[in-house]
Amino acid sequence: MNTLALQQYLDFTYIAAVVLFILAIKWLSSPVSARRGVLAGEIASAMAIAATLFNPDLVHYKWIVIALILGAGVGIPLGMVKMTAVPQRTALSHAFGALSAALIGIAEYYVGTAPVSRFQMGEIGLEVIIGSLTFTGSLIAAGKLQEILPQRPIVYRGQNIVSLSVLGGALGLAVALVFNPANTFLFPIMIVVALTFGVLLVTPIGGADMPTVISLLNSYAGFSAALLGFVLNSKVLVVAGALDGSSGFILSVIMCKAMNRSFTNVMFGAFGQVATGPAAAQEARPVKSASPEEAAEILGAASKVVIVPGYGMAVAQAQHKVRELYDLLTKRGIDVQFAIHPVAGRMPGHMNVLLAEADVPYDHLKEMDDINGDFPQTDVSLIIGANDVTNPAAKTDKSSPIYGMPVLDVERSHTVMVIKRSMNPGFAGIDNPLYYLDQTLMLFGDAKAFVSNIVKEFSNSHG
Amino acid sequence: MPADFISNLYVFILAGFVGFELIKRVSPLLHTPLMSLTNALDAIVVVAAIIITGRHETRLTVVLGTIAVVASFSNMVGGFFITDRMLRMFKSGKSKQS
């Protein structure tokens with residue numbers, strides 16, 4: 001077979017792969033067809049890799065084989081992590097994706113065969129900057145999610161000016177390289193500056209903003225792959241990168257809307273800094289608390305219960321106990337639904353995955369807009385480890401830092417029960433007036449322990 | 001401006017639109033698997049990494065390429081694997097009873 005014909009076969013394989021990529025995402029739209037989407041993606045990727053191995057440019061296979069084996073060795077354990085670790089795994093995979101895109105861009109710059117043109121230099125510069133900053137930014141995000149690094153925002157005076165100057169420095173170096181691509185000594189400096197910017201970008205962002213940050217890093221990782229496609233003139237990369245980039249972008253927009261904040265505010269706002277003053281000054285107001293027995297009694301008498309899960313449920317690993325409670329209540333003929341706020345947890349869809357893992361049927365997981373109308377007919381809202389997403393101050397108190405954020409209307413239900421460790425406000429430092437309402441009962445304790453006590457009460461008293 | 005750039009730009013813009021329209025329709029229920037699946041698809045940069053490695057031009061490009069193959073292939077394998085694991089857990093009330 002001559003080289004030209006071979007090249008055409010390769011191109012057709014890539015085109016088929018691109019079609020399957022698009023179908024993969026199309027099938028993911030519903031839980032019924034979603035697994036078919038994964039299969040389509042797997043077939044497409046396998047086809048593309050197989051075709052690439054026939055590329056006539058390849059002269060040496062040893063390192064390819066070693067790297068593929070190592071990659072599978074790293075990837076399989078990362079695919080087996082617990083569902084509670086999915087946010088940090090996702091951040092880590094953004095880091096890996098951005099790293100490989102950046103490294104290929106760097107290699108392309110150093111390939112000695114032909115000097116890089118100015119235009120190519122611009123593409124490579126931009127690609128390597130985005131890839132590098134996404135790499136370190138995602139590592140920091142993964143570190144925060146794994147709690148190796150503190151989750152609270154780390155801020156100092158003049159931070160935004162410092163961060164933006166670093167970004168400006170990286171872009172300035174890229175421009176200098178475009179004017180003279182032969183200034184090779186500038187290239188590694190540009191990489192280091194971009195890597196530094198990634199660290200500066202994510203360090204000040206707090207844990208509660210992680211859903212937005214993860215989505216944004218997702219879109220950066222995608223766009224760096226698309227840019228790499230421009231550099232290498234590879235349409236399959238352009239398409240895959242554009243799909244991944246737009247997916248991350250849409251998710252970040254959804255997350256921002258769900259917090260009523262702008263991109264700039266998430267990236268440069270250091271959430272929660274404003275609130276610490278007034279919240280600390282607040283005097284202790286009386287709250288009503290209840291024991292597991294009382295909570296079980298109230299739940300047993302209800303006919304409609306809405307459970308609101310939050311990050312606290314994930315931290316306490318309470319999802320399996322919550323499902324036991326769900327089973328007990330459902331068996332007694334009580335209608336139980338779950339109200340999922342878009343930013344509950346640490347990444348988009350986090351709560352759904354945890355509850356699905358615990359075997360809660362997905363038709364009982366309701367989005368905020370679908371369930372908010374149900375709260376007036378709800379006997380008990382049980383809030384497990386969620387705080388800001390239930391805060392009625394977001395609707396009424398203009399001075400609240402979360403004013404305008406869409407929240408779950410739990411205060412409209414007849415009884416509200418909140419499982420919480422103590423009255424300490426979360427690290428965002430925003431007080432929740434919900435806790436002082438007449439119909440609210442505070443259930444103090446660890447989420448998992450408290451829910452299992454409620455479950456125990458049910459099995460003791462009702463056989 | 002090179003002709004390749006223009007044709008790539010066409011592809012990028014069209015793929016971006018297709019992605020936008022498709023992803024808008026993905027239920028928020030599946031946003032976590034969506035992110036891990038698009039991540040696995042994005043790992044197709046492995047083909048570029050394979051070419052860089054296999055062209056065997058300089059020691060530097062082989063090293064960079066090898067690391068890039070490891071990073072992207074682990075994303076591909078792990079991404080598909082965990083997405084499928086997650087999706088297997090999503091059961092509707094009806095299918096659970098039957």
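**Entry 1: a helix over the sheet**

I began with helix α15 of chain A, residues 350-357, which lies across β1 (304-309), β2 and β3 of chain A. I noted its direction against β2(A): the helix runs at about 145 degrees to that strand. I record here that the model is a predicted one.

**Entry 2**

I next looked up the order of the strands. Six strands form an open sheet in chain A, in the order β3-β2-β1-β4-β5-β6, and the pairing is parallel. Which strands stand at the edges? I found β3 (365-367) and β6 (440-444) of chain A there; each has a single partner strand, so one side of each is left without a neighbour in the sheet. Direction ignored, neighbouring strands of this sheet are turned by 25 degrees against each other on average.

**Entry 3: strand by strand**

I then followed the pairing through β1(A). Four bridges join β1(A) to β2(A), and the two run parallel. Within this pair, Val305(A) has Val336(A) in β2(A) as its bridge partner. To β4 of chain A, residues 380-384, β1(A) is joined by five bridges, again in parallel. In β4(A), Ser381(A) is the residue opposite Val306(A).

Is β1(A) mostly covered or mostly open? I found it mostly covered, with five of its six residues buried.

Strand β2 of chain A, residues 335-340, is joined to β3(A) by three bridges, and the strands run parallel. Lys366(A) in β3(A) is the bridge partner of Ala339(A).

**Entry 4: domains of chain A**

I looked up the domain assignment of chain A, which lists domain 1 (1-59), domain 2 (79-268) and domain 3 (288-461). Between domain 2 and domain 3 of chain A, the C-alpha centres lie 36 Å apart. The contact takes 21 residues from domain 2 of chain A and 18 residues from domain 3 of chain A.

Which helices supply at least two residues each on the domain 2 side? I noted α4 (86-110), α8 (210-232) and α9 (235-258) of chain A. By class, the residues of domain 2 of chain A that touch domain 3 of chain A are 13 nonpolar, seven polar and one charged.

**Entry 5: chain A against chain B**

I turned to the contact of the two chains. It takes 95 residues from chain A and 81 residues from chain B. On the chain B side, α1 (3-24), α2 (31-42), α3 (46-55), α4 and α5 (93-97) of chain B each supply at least two residues. The largest share of that side, 27 residues, comes from α4(B). I recorded the classes for the side of chain B that touches chain A: 48 residues are nonpolar, 24 polar and nine charged.

**Entry 6: one helix pair between the chains**

At what angle do α3 of chain A and α4 of chain B pack? Helix α3 (residues 62-79) of chain A and helix α4 (residues 59-89) of chain B pack at an angle of about 35 degrees, with their axes 7 Å apart. I noted that the crossing of α3(A) and α4(B) is right-handed.

Among the residues that meet are Trp63(A), Ile64(A), Leu68(A) and Gly71(A) from α3(A), and Val62(B), Phe73(B), Met76(B) and Phe81(B) from α4(B). By class, the contact of α3(A) with α4(B) has 17 nonpolar, seven polar and no charged residues.

Notes. Residues numbered from 1 in each chain as written. Chains lettered and ligands numbered in written order. Predicted model: local features only at pLDDT ≥ 70, side-chain atom pairs only at ≥ 80, totals over all residues. Axes fitted to C-alpha atoms, helices over the stretch in contact; angles between N-to-C directions. Left-handed = near helix turned anticlockwise from the far one by under 90°. Contact = placed C-beta atoms within 7 Å. Nonpolar A, V, L, I, M, F, W, Y, C, P; charged D, E, K, R; others polar. Pairing = 2+ DSSP bridges. Domains from an automatic or database assignment. Buried ≥ 20, exposed ≤ 12 C-beta atoms within 10 Å, placed from the backbone.
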